[in-house]
Amino acid sequence: MGNRPLKFRILELYLDEKEHWNYEIVSKIMEEYGMKGDYHRDSINFDIIELASGGMLKDVEQKVDEEGIYKKGFLLHKYVITDFGKVRGSDACLRYV
Amino acid sequence: MDLKALKKQESKRKISKGYMWALFCAVFWGIWYLPGTVVWVLNPFDEMYGVIAETNGDAVSLVVTAVLITAFNALTVMLALMVWNGVLQKFGELGRTLKEFNPCSKWFFLASIFGGPVAILGSFMAMGFIGGAFAAVAALLYPVIGSVLAYYWYGEKITKRAAIGILVIILGGITIFGGGLITELGAGEVPWIGYLGGLMAAAGWGIEGAIAGKGLDIAEPDVGLTLRFVGENIIWWILIVPILAIVGFPMYSFAFQAFEPLTLLVLIFAGITFGFCYVCWYKSFPLIGVGRGQGIGNLYGLCAIIFIFLFFGDVPQWTILLGGALCVAGSFIMFTEEAGELETLRGE
């Protein structure tokens with residue numbers, strides 16, 4: 001069960017410097033923190049959006065969710081951590097992998 | 001729908017959401033000046049002011065009474081936010097964030113020092129000594145401080161258009177502020193302590209926004225905001241109120257008298273409006289940036305004037321109307337900003 005703030009954990013997942021789709025991160029967080037339902041899904045996704053608009057993640061690729069793996073007819077986003085994100089991530093005492 | 005159109009739609013949705021939060025902030029913030037002004041004429045605060053004024057003079061009495069009012073305001077705001085976090089099921093996140101003191105929650109506690117004993121206390125002083133409309137517009141200058149600090153401290157971009165908008169808003173604020181001052185200078189009686197309160201409000205809120213942004217980067221706004229008010233309650237109820245009581249002011253005897261229906265109702269009204277104005281304010285920052293969030297939130301000055309006119313029947317001076325119009329114009333200059341400029345708010 002996750003014990004750090006959600007955004008800390010999201011940043012930590014991106015600290016591997018690989019690109020991750022939002023739905024991958026959202027489902028991983030939900031699993032780790034024992035969350036269920038659309039409300040939490042949207043709430044975690046909003047955390048990712050906030051991190052991106054704060055300049056810590058960069059939106060590198062988008063595709064339309066045709067099959068409904070996340071939300072049918074909506075955009076899926078792929079993010080990668082930025083230098084600023086790495087700095088903030090290490091400020092937050094996160095493991096730098 | 002193709003990818004490009006969806007992208008455009010999504011970016012638009014995000015930005016309009018940010019502006020929507022900021023506008024809600026303005027409305028709630030404007031309404032807050034109603035209970036904030038009314039509470040001064042209610043007991044026990046009215047009586048407290050009189051009692052302390054007899055022994056310590058008007059100025060001291062005003063500040064001490066403002067401390068107790070601000071402390072109660074912080075308490076009801078915190079209660080309103082606890083309910084809000086309960087509804088959003090965020091108590092778990094609240095605990096997790098609180099534990100991260102050094103990287104995160106210390107920024108909220110630091111923000112509460114500038115938000116509470118500087119900005120909100122200053123606002124109550126201005127409301128008590130000059131009036132709600134003045135208190136509201138005096139603080140209009142806070143985005144200057146907020147934007148400049150955010151720019152120098154964490155490199156938040158301010159586009160040319162946003163800068164022009166902020167400038168026009170400030171001109172509006174100065175017009176409103178100056179109008180009252182000139183009249184009072186003419187009459188020979190300037191309530192300086194009220195003006196000091198107005199300046200405290202502007203400086204305090206500007207600094208608070210910039211500091212809070214540092215913690216908000218890596219926290220959820222609903223949670224960060226609640227922690228900021230937990231911090232303010234500690235400052236008032238564990239530090240300042242006991243110290244004033246030890247020094248000899250009758251803080252506790254008047255504090256207990258606040259539990260009468262009408263006073264309590266007004267305080268709760270203040271707590272709800274102020275709590276949610278903060279929720280909206282903080283929610284807008286990650287979407288449109290601290291500078292813009294504060295700029296649109298600035299419409300509260302106009303909202304306050306309208307609400308005070310509607311509820312108290314106070315007709316504003318022409319300088320207030322002109323200044324208010326400038327504030328609206330400035331906000332709209334920022335509002336119509338091209339979406340493209342907002343896609344990345346900060347330098348990488």
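Visitor: Is the crossing in which H1(B) passes H12(B) left-handed or right-handed?

Guide: In this predicted model, H1(B) passes H12(B) in a left-handed crossing.

Visitor: Which residues make up those two helices, and at what angle do they pack?

Guide: Helix H1 of chain B covers residues 3-38 and helix H12 of chain B covers residues 261-288, and the two pack at an angle of about 155°, with their axes 7 Å apart. Angles over 145 degrees count as roughly antiparallel, and H1(B) and H12(B) are therefore roughly antiparallel to each other.

Visitor: Over in chain A, how do the axes of H2 and H3 cross?

Guide: Helix H2 of chain A, residues 22-32, and helix H3 of chain A, residues 38-53, have axes that come within 9 Å and cross at roughly 120°. H2(A) and H3(A) are therefore oblique to each other, and their crossing is right-handed.

Visitor: Changing topic, how many aromatic pairs are there over all chains?

Guide: A search of the whole structure finds 19 aromatic pairs over all chains. One pair is formed by A:Trp21 and A:Tyr23, whose ring centres are 6.2 Å apart and whose planes are at 20°, so the pair is stacked.

Visitor: And are A:Trp21 and A:Tyr23 buried or exposed?

Guide: Both A:Trp21 and A:Tyr23 are buried. The ring of A:Trp21 also has the charged end of A:Lys63 sitting over it, 4.5 Å from the ring centre.

Visitor: Which residues do ring pairs link into a cluster in chain B?

Guide: Ring pairs link B:Trp29, B:Trp32, B:Tyr33, B:Phe124, B:Trp205, B:Phe229, B:Phe274, B:Tyr278, B:Trp281 and B:Tyr300 into a cluster. One of these residues, B:Phe229, has the charged end of B:Arg228 over its ring, 4.0 Å from the ring centre.

Visitor: Back to the backbone, then: which residues does the cis peptide bond in chain B join?

Guide: The cis peptide bond joins B:Asn43 and B:Pro44, with omega at about 10°. B:Pro44 is found in the loop between H1 and helix H2 (45-56) of chain B.

Visitor: On phi, what about A:Glu17?

Guide: A:Glu17 is not a glycine, yet its phi is positive, at about 65°. The residue lies in the loop between helix H1 (6-14) and strand S1 (20-21) of chain A, and A:Glu17 is partly exposed, with a relative accessible area of 40%.

Visitor: Where does B:Gln89 lie, and what is its phi?

Guide: B:Gln89 lies in the loop between helix H3 (58-87) and helix H4 (91-99) of chain B. Although B:Gln89 is not a glycine, it has a positive phi of about 55°, and at 53% relative accessibility B:Gln89 counts as exposed, the cut-off for that word being over 50%.

Visitor: How many residues apart in sequence are B:Gly172 and B:Leu310?

Guide: B:Gly172 and B:Leu310 are 138 residues apart in sequence, and from C-alpha to C-alpha they are 21 Å apart in space.

Notes. Residues numbered from 1 in each chain as written. Chains lettered and ligands numbered in written order. Predicted model: local features only at pLDDT ≥ 70, side-chain atom pairs only at ≥ 80, totals over all residues. Heavy atoms only, no water. Axes fitted to C-alpha atoms, helices over the stretch in contact; angles between N-to-C directions. Helix = DSSP H or I, 4+ residues; strand = E, 2+ residues; numbered from the N terminus. Parallel < 35°, antiparallel > 145°, perpendicular 65-115°, else oblique. Left-handed = near helix turned anticlockwise from the far one by under 90°. Phe/Tyr/Trp six-rings, centres within 6.5 Å; stacked < 30°, edge-to-face > 60°. Buried < 20%, exposed > 50% of the residue type's maximum accessible area, 1.4 Å probe, protein only. Lys NZ or Arg CZ within 6 Å of the ring centre and 35° of its normal.
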